[in-house]
Amino acid sequence: MPVAEHDESAADAAPAIRFDRVSVTFGGVRALDGVSFEVDRGEVHCLAGENGSGKSTLIKVVAGVYRPEPGAHMEYFGRPETTVTPQLARRRGVAVIWQDLALFPEMTVAENIAFDHLVGGMRLVEHGAIRKIAESALARLGVDLDLGARLNKLPIARRQLAAIARALASDAKLIFMDEPTASLTQAETDMLLDVVRTLSASGVAIVFVSHRLAEVLEVSSRATVLRDGRLVGVFEAAGLSQTRLTELMTGKQFDQRISARSFAAAPAVLSVEDLSRHGEYEGVNLALRAGEVVGLVGLIGAGRTELAHTLFGMTRPDRGAIRLNGRNIAFRNNRDAIAAGVAYVSEDRLALGLVQQQSIADNLVITRLRAISNAAGAISRAKKAAAVAKGVTDLAIKIGRPADAVSTLSGGNQQRVVLAKWLATSPKALILDCPTVGVDVGARDGIYRIIRRLAESGIAILLISDEVSEAFFNADRVLHMAAGRIVGDYDPRSVSLADLESAVYA
Amino acid sequence: MVDRIERHYAVFGRDVWGLLGFLALALIAFAAAAPQFLTAANFSSMAFQVSDLGLLTLAMLMPIISGGFNLAIIATANLSGLTLAWILNLNGGPQAGVLAFAGGAAAALAVGGASGAAMGATIAFLGAHPILASLAMMIFLRGLGEYLTRGGDISGFPDFLGEVGHGELLGVPVPMLVLVGAALFWHFLLSHTRHGFAVTMIGSNARAAEYSGVPVKRTITLVYALSGMMCALAGILMLTRFNSVRVGHGDSLLLVTVLACFLGGVDPFGGFGRVAPVFVALLILQTLSSGLNLLGANQHLSTAVWGLFLIAVMSLRWAGPVLAKLLKRTKE
């Protein structure tokens with residue numbers, strides 16, 4: 001088609017991509033149903049939707065991984081296409097940066113950025129050329145990275161920049177970013193947004209794909225919202241709030257109310273005094289009372305998870321006392337802590353919270369092996385089935401069969417499995433480390449209600465959160481941790497969310 | 001019905017029928033090709049031969065499911081056998097009594113268990129890589145054995161040991177009975193106990209298991225201790241079968257045990273594996289080697305055929321889901 005190739009004037013005016021009537025069906029499930037999607041050149045666009053709304057399917061259609069059903073219109077920079085392969089999409093300038101970044105941790109920054117120039121063909125690797133490619137891509141981003149450093153020595157935010165540079169190095173003109181801010185601090189997010197502005201000004205379009213978009217809305221011009229595989233609509237980003245966006249994504253209205261109550265009179269279940277561990281946290285005092293939800297917020301690296309690990313017996317403090325029901329205790333390992341009534345829900349559900357490949361049933365009983373087996377160590381099938389059934393009913397977990405791998409469940413249901421396995425140990429104190437990470441907006445409400453219900457049953461809860469608003473609306477008291485110390489103790493009833501957020505994210 | 005299928009999978013794994021099909025095919029092919037194949041004598045000799053490999057494969061199986069590896073199985077079996085031989089010789093050699101044998105066997109099991117526990121502790125507490133730790137243990141045990149025996153054979157054992165190594169009980173070779181007993185015990189341990197539960201969880205994700213309160217270090221130490229004891233049992237059986245002990249006896253079986261595990265559907269990365277399909281895989285390997293032997297093939301050829309067979313099985317395992325998908329698509 002030489003005509004299309006040379007018809008630059010018409011193509012210049014066309015949007016970066018224009019997709020119409022896109023439908024995709026997987027084994028009877030309609031993942032996308034007649035969806036339209038358009039992104040202008042140099043535009044910053046949001047693609048919003050819950051897990052399962054079809055947003056990843058849509059990206060994969062644009063990237064040429066999935067083929068839509070006949071009747072779809074696909075157009076890249078003014079050029080209509082009938083069949084799109086991943087190679088073709090890349091040639092047209094589409095790049096996708098997935099959440100896991102898909103980089104090579106053992107290779108240097110320069111090698112990662114220039115990777116697409118390295119593969120293919122039997123050529124010698126020219127280190128000078130690699131450096132040059134990497135330098136020019138970084139220059140376009142306006143950032144500075146140590147080209148010779150191994151990627152795995154870099155913090156996640158810088159790896160992300162390397163991934164963007166890699167896309168630029170292969171001449172991307174439309175970059176999809178999947179959940180780009182999920183593991184960034186506010187300062188890092190700001191840096192990313194600066195880079196995005198630079199790119200947009202130079203004519204590269206960016207699509208943020210996320211269900212948490214408050215931070216990126218300000219730099220975006222429009223948002224496309226999907227729900228259950230259908231297009232809800234395309235909205236101007238100006239004036240769109242996270243609450244409104246959540247309503248659009250879920251089709252439900254959420255009322256967020258402060259639920260804080262006073263617990264000054266209740267007995268402390270778990271308390272620590274002057275607790276310190278070198279390089280992690282310093283002089284921490286805190287008390288969790290029966291029935292109380294204590295929020296713990298702070299930036300990543302503030303020492304929240306490290307403190308939780310000590311409370312859970314995984315690490316030992318250098319100094320200070322831990323008391324459980326008023327008695328001093330020293331845990332040798334987390335089995336001591338579990339036996340004493342402390343449970344810990346890890347922030348990393350994929351690697352630490354659940355044994356993903358193994359069954360739902362096994363994950364539910366893993367904390368209670370002694371209770372379902374006899375003195376000789378033989379597991380009773382009946383007791384195991386009963387324990388599994390109890391966990392599934394108590395937390396209303398939606399499962400297929402108990403023997404299915406737990407990885408087949410949605411994020412929200414996986415988190416319910418985690419909660420169920422810890423509730424089976426009848427904990428007195430429950431530490432929740434970012435319990436709604438990777439859980440859909442719609443399913444979070446269910447997790448919050450479970451947390452509230454557990455507190456009402458008398459469990460003392462420490463709710464660690466990356467989102468100040470989560471702690472603000474769901475905790476009775478919010479502690480602010482920074483650089484290893486607890487620097488603030490707030491009552492949500494006497495402080496505004498905005499003030500609290502500016503204190504934490506300052 | 002779904003429940004029964006689940007239970008069936010729980011015991012036999014998902015591809016035991018395919019393996020049984022292979023076994024049947026091999027049996028039919030050899031029966032057609034070699035007239036001596038379908039005789040009681042042949043099956044009896046197969047049963048005798050499969051037992052050493054079988055016990056050693058069980059010793060390899062548990063570490064692999066736990067996400068590890070045990071390269072020291074043959075060396076452990078040899079050194080345990082030497083322990084038994086030493087105690088028998090101390091008690092009069094050919095004149096040694098049943099009691100001396102019982103004591104010697106217990107000592108052999110203790111040696112196997114202790115060397116396994118030491119290896120397991122190195123892996124669990126010091127974080128050594130299982131391949132390196134077991135390689136070091138293998139070299140140590142071999143060297144120790146060669147030093148003690150000066151590289152020679154030890155023989156001259158009481159006659160009643162032949163009853164164990166070559167005897168039959170109700171028409172079934174005693175070594176086969178030992179193997180079946182050991183396999184049943186291993187199956188119970190892996191599928192119905194806290195230990196087995198912990199082993200599979202650790203094999204899939206040791207850190208997640210630890211966060212859930214599974215005693216990871218203790219379990220891994222126990223895995224290698226049990227593996228060492230299973231090696232010792234193999235060493236004892238080999239002594240009774242060959243009426244001699246020598247360091248290096250059975251060296252060629254080391255990687256065949258790995259082959260048998262993978263053939264039996266054990267996940268090389270840990271977390272998944274069942275005793276029953278591995279047992280069927282053992283029978284297949286033995287059938288192939290006995291059948292080829294009867295056809296007059298060189299022993300080395302049967303080793304080559306084992307390798308080819310594993311490649312074929314891996315290809316089929318890959319092709320199975322692809323074929324099923326294609327079939328489904330054409331139906332639609």
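Two strands count as paired if DSSP finds at least two bridges between them. Keep that in mind for what follows. The model on the screen is a predicted one.

Take strand β19 of chain A, residues 477-482. With β20(A) it forms 5 bridges, and the two run in the antiparallel sense. One of the bridges joins L479(A) to D489(A), which sits in β20(A).

In general, strands of a sheet pair through backbone hydrogen bonds, either parallel or antiparallel. Now the whole sheet. How many strands form it, and in what order? There are 6, and the order in chain A is β16-β17-β18-β13-β19-β20. The sheet is open and its pairing is mixed. At the edges are β16 (342-345) and β20 (485-490) of chain A. Each has a single partner strand, so one side of each has no neighbour in the sheet. From one strand to the next, the twist averages 20°.

Two helices to point out here. Helix α12 of chain A, residues 304-311, packs on the sheet and touches β13, β16, β17, β18 and β19 of chain A. Its direction makes about 150° with that of β17(A). Helix α18 of chain A, residues 441-456, also packs on the sheet, touching β13, β17 and β18 of chain A. The direction of α18 makes about 150° with that of β18(A).

Last, the domains. Chain A is assigned domain 1 (2-250) and domain 2 (268-505). Their centres, taken over C-alpha atoms, are 35 Å apart. Where they touch, 8 residues of domain 1 of chain A contact 8 residues of domain 2 of chain A. On the domain 1 side, helix α11 (residues 242-250) of chain A gives the most, with 3 residues. By class, that side has 1 nonpolar, 6 polar and 1 charged residues.

Technical notes
Residues are numbered from 1 along each chain as its sequence is written. Chains are lettered from A and ligands numbered from 1 in the order in which they are written. This is a predicted model: local features need pLDDT of at least 70, side-chain atom pairs count only at pLDDT 80 or more; totals for chains, interfaces and linings use all residues. Domain bounds come from an automatic or database domain assignment. Two residues are in contact if their C-beta atoms, placed from the backbone, lie within 7 Å. Helices (H or I, at least four residues) and strands (E, at least two) are DSSP runs, numbered from the N terminus. Ala, Val, Leu, Ile, Met, Phe, Trp, Tyr, Cys and Pro count as nonpolar, Asp, Glu, Lys and Arg as charged, and the others, Gly among them, as polar. Axes are lines fitted to C-alpha atoms, for helices over the stretch in contact, and angles run from 0 to 180 degrees between N-to-C directions.
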